[in-house]
Amino acid sequence: MTDLRSLLIDCRIELRKLSRDFQKTELCERLDLAIQAQANAKAAPAAPAAPVVNEAAPGAAPEKGQTVSQVALAWQTAVRDLKFSDPPIYARLGEKVMRLLAAKTLVDPATEIVQLEKQVAELQKTLEAQARDQQAMASERDALLGSLANAVPKLKDGGDRLAVALARVAWLKAEAEKATVAAAKPGVQRAPEPQDTVPSPELLSAAAAGAATFTREQREWCVGEAMVLTGFQFTPVELLEKGDSHIAQLILQARKAV
């Protein structure tokens, strides 16, 4: 029976060599069916010569599905046909098989899908935990910034929330130092402070962040200071047009460069 199947396969191969469209003919289909029938007959177990019928015995078990060898044989036959009908696809399939064999570990697609679903679920949990942490940090940040705004209402909110918050912290620190000095000398009358005309670094930082503005005296002093520090690149009118925030930034940047 094996010799007959091999003979049928060889006949089909030779006929395909002689006729390009042989696979479309009825004879090719009949050969395929005959080859498959031979393969099924080979894989099927031999029937008993004289089966004994026992009516009292339970019913016979239903026939099993296709065996692994039958499925593999069917694929082998179909792929062998591709070698003559579509050589490029046959070559690509061969390369794919060799790559899978080189991997040495073949994972069933269903198992791989289950593994990927588990990984996706774990990543989803991680993303949700990170989102919760970010939300908690944002709530803490907003609460802290709100407390600083209530503690230092003199400085208005600007574009850079972090710079405004740092300016408010510096402002609170300066006020605390003043209170400490006043408590140490309770009978001493407060003398005029230089920042009434010359703005303190804290006030400059707050103005640069857009959280504070200068008084008229402070603005006049800052204009002169900015002109000197920038080498008289700007006129007083140009500096006044740019605003207090830009003037304060020029002064702070020039002082850092020194």
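A crossing of two helices is left-handed if the near helix is turned anticlockwise from the far one by less than a right angle, and right-handed if clockwise. This convention applies to the crossing of α8 and α10, which is left-handed. The model shown is predicted: local features need pLDDT of at least 70, side-chain atom pairs count only at pLDDT 80 or more, and totals for chains, interfaces and linings use all residues. Numbering starts from 1 along each chain as its sequence is written, and side-chain values use heavy atoms, with hydrogens and water left out.

**View 1. The protein chain as a whole.** The protein chain contains ten helices and zero strands; helices (H or I, at least four residues) and strands (E, at least two) are DSSP runs, numbered from the N terminus. Of its 258 residues, 20% count as buried, where buried means under 20% relative accessible area, exposed over 50%, and partly exposed in between (1.4 Å probe, protein chains only). The protein chain exposes about 19,200 Å², and carbon and sulfur atoms supply 60% of this area. Accessible areas come from the Shrake-Rupley method with a 1.4 Å probe; for residues, only the protein chains shown count as cover. Among contacts with a separation of 6 or more, 47% join residues 24 or more positions apart, a contact being heavy atoms within 4.5 Å.

**View 2. The packing of helix α8 against helix α10.** Two packed helices are described by the angle between their axes and the distance between the axes. The axes of α8 (residues 216-229) and α10 (residues 244-257) come within 9 Å and cross at roughly 45°. Axes are lines fitted to C-alpha atoms, for helices over the stretch in contact, and angles run from 0 to 180 degrees between N-to-C directions. Angles under 35 degrees count as roughly parallel, over 145 as roughly antiparallel, 65 to 115 as roughly perpendicular and the rest as oblique; α8 and α10 are therefore oblique to each other. On the α8 side the contact is made by R219, W221, C222, V223, E225, A226 and L229, and on the α10 side by D244, I247, I251, A254 and R255. These residues divide into eight nonpolar, no polar and four charged. Ala, Val, Leu, Ile, Met, Phe, Trp, Tyr, Cys and Pro count as nonpolar, Asp, Glu, Lys and Arg as charged, and the others, Gly among them, as polar.

**View 3. Helix α7 and its contact with helix α10.** In α7 (residues 201-208), the buried residues are L203, L204, A206, A207 and A208. The axes of α7 and α10 lie 7 Å apart, at an angle of about 125°, and the crossing is left-handed. From α7, L204, S205, A207 and A208 meet S245, A248, Q249, I251, L252 and R255 of α10. By class, this contact has six nonpolar, three polar and one charged residues. Just after α7, G210 takes a positive phi of about 85°.

**View 4. F232 in the loop between α8 and α9.** F232 lies in the loop that joins α8 to α9 (236-242). Its phi is near 60°, a positive value in a residue other than glycine. F232 is exposed, with a relative accessible area of 57%.

**View 5. C11 in helix α1.** C11 is found in α1 (residues 2-18) and is partly exposed, with a relative accessible area of 34%. The C-alpha atoms of C11 and C28 are separated by 9.8 Å.
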